[in-house]
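Colleague: I have questions about the labels used for this model. Take me through them, with the cut-offs.

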Amino acid sequence: IETAREAPERPDLTPAQVFEAQLAMVDASLDRLDAVLGGERFEGKAVGESGVIQDVEVAVVGPIALYHAPGGAVGIAEQRLGSLEPNMRTLDDPEMARAAEALFTTGTGPMPFDPTLGNAAKIEQTEDTVLQQIRKGGPVMWPILILAGSALLVALYKWYQLARVPMVSRRKIAALLKILQRSDTKAAAKLAGEMRGPTGAMLQLAVEHVREPRELLEEVMFEKILETRLKLQSLLSFIALAASAAPLLGLLGTVTGMINTFKLITVFGTGDARTLSSGISEALLTTQYGLIVAIPSLLLYAFLSRRVRRMLDGMVKTAVSFVNRLALSDREEPALPEAVGEAG
C-alpha cells in the first residue's frame, strides 16, 4: 500500500512503473480476499488463558479465526481491548472442539462459527455472580445485606404470627348478639368462652361487664383493642425502617465509590477505563442492592400493615355492633309500672 501510494510522487518512475506498483497492490488485495474467503492457515502467536504468549497455529476463514495450541487446546482467537496480541478463548462445547481439531488436522470439515464475532462471549464475561457483585460493592454492601436478612426474618415471623391469629366468624357474633337480646348472660358467657383470638377475648370481657354502664363497657373493649394493636403492630416498624434505610445505605456506597473513582483519576488519569471500573462498580452496585432491599421491604410492610389494620377494624366493628345491639335491647325492655298511692 505504501509503495503504491508513493509511486506517483517518485520522479524516477515511469508511468508504466507507477501503474505496475498500483496494480501489484490490487493483486495483493485480491489474493488476500481469496485467502480469507477460502480459508488460510499459518503460524502465529496468541495470549493464552493463563496470560502467557504461546506459539499457535491459526486458521482464518472469513471473519472467524481459530487457533490450535501445541498442547491440543482448540478455540477461537479474538482481539481484546488493550492487548496487541490476539487472545485465545477455549471452546467449552466438546463437539465444537472436536470439529475444530478435525479442521486443523484434515483441512476440511465443519467449523465453529460465532455469529456475534465474539461479542456474546465478551458480554458473558462481564456478567458477575452475586458473590462477585457483593465483593465489588465494597464494605457498604454488608450492612445492606444484614438489613435485608433481618427484614426478611421479621416479615416471615410477622406473617406466621398473623396467620395463627384465630378469627371469629360473623355467624358466631350474630348468635352472641341474639343471645344478649334475650338477656341470657350465662349462655352468652358460654358462647363467648368458645371464641378464640383477640376478638373472642374482647367479647368475653364485654359479656363479663355487660351489666356495667355503657361508657365503662366501651372503655373495657377499647382497652382490649389497644392491647391487641400493640401486639400485632410490634416489629412492623423495623420493616419500614429497612425500607427507608436501605436506599440511604446505597447512596452512601455511591458516594464512597465515586470518591474512590476520583482518587484513581487523580493517580492514573482517565486514559484506562478498567482502572476506574472498581470505583464505578462500587457506586452502582450499592445503589442497586439498596433498592433491591427497599422495594420488597416496602411491599411487605404494606401487606402486613394492611392485614393488621383489617384485623383491628374487624374488632372495632364487632365492638360497635355489640354496644349498639346492647343499647337497642335495653330500649326494647318494658318499663316497670310506678307505684301509686300511699302505704297503708
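Colleague: Which elements each supply at least two residues of the lining of the largest cavity?
Modeller: α9 and α12 do. Helices are DSSP runs of H or I with at least four residues, strands are E runs of at least two, and both are numbered from the N terminus. This is a predicted model: local features need pLDDT of at least 70, side-chain atom pairs count only at pLDDT 80 or more, and totals for chains, interfaces and linings use all residues. Residues are numbered from 1 along each chain as its sequence is written, and side-chain values use heavy atoms, with hydrogens and water left out.

Colleague: What makes a space a cavity?
Modeller: On a 1 Å grid over the protein atoms alone, it is a set of points where a 1.4 Å probe fits but cannot get out. A search of the whole structure finds 1 cavity of 30 Å³ or more. About 30 Å³ of space lies in the largest cavity; volume here is the space filled by probe spheres set on the points, which are joined across faces, edges and corners.

Colleague: Which residues line the largest cavity?
Modeller: Val-165, Pro-166, Met-167, Pro-198, Thr-199, Met-311 and Met-315. Lining residues have an atom within 4 Å of a point. By class, 6 are nonpolar, 1 is polar and none is charged. Ala, Val, Leu, Ile, Met, Phe, Trp, Tyr, Cys and Pro count as nonpolar, Asp, Glu, Lys and Arg as charged, and the others, Gly among them, as polar.

Colleague: Why does Gln-133 count as buried?
Modeller: Buried means under 20% relative accessible area, with a 1.4 Å probe and protein chains only. Gln-133 has 19% relative accessibility, so Gln-133 counts as buried. Gln-133 lies in helix α5 (residues 130–137). Leaving aside neighbours within four places in sequence, Gln-133 is in contact (heavy atoms within 4.5 Å) with Asp-128, Met-141, Leu-285 and Tyr-289.

Colleague: How many bridges join β3 to β4?
Modeller: 3 bridges join β3 to strand β4 (residues 74–78), and the strands run antiparallel. The bridge partner of His-68 in β4 is Val-74.

Key. 1 Å grid on protein atoms, 1.4 Å probe; cavity = no way out; pocket = protein on both sides within 12 Å on 5 of 7 lines; lining within 4 Å. Buried < 20%, exposed > 50% of the residue type's maximum accessible area, 1.4 Å probe, protein only. Pairing = 2+ DSSP bridges.
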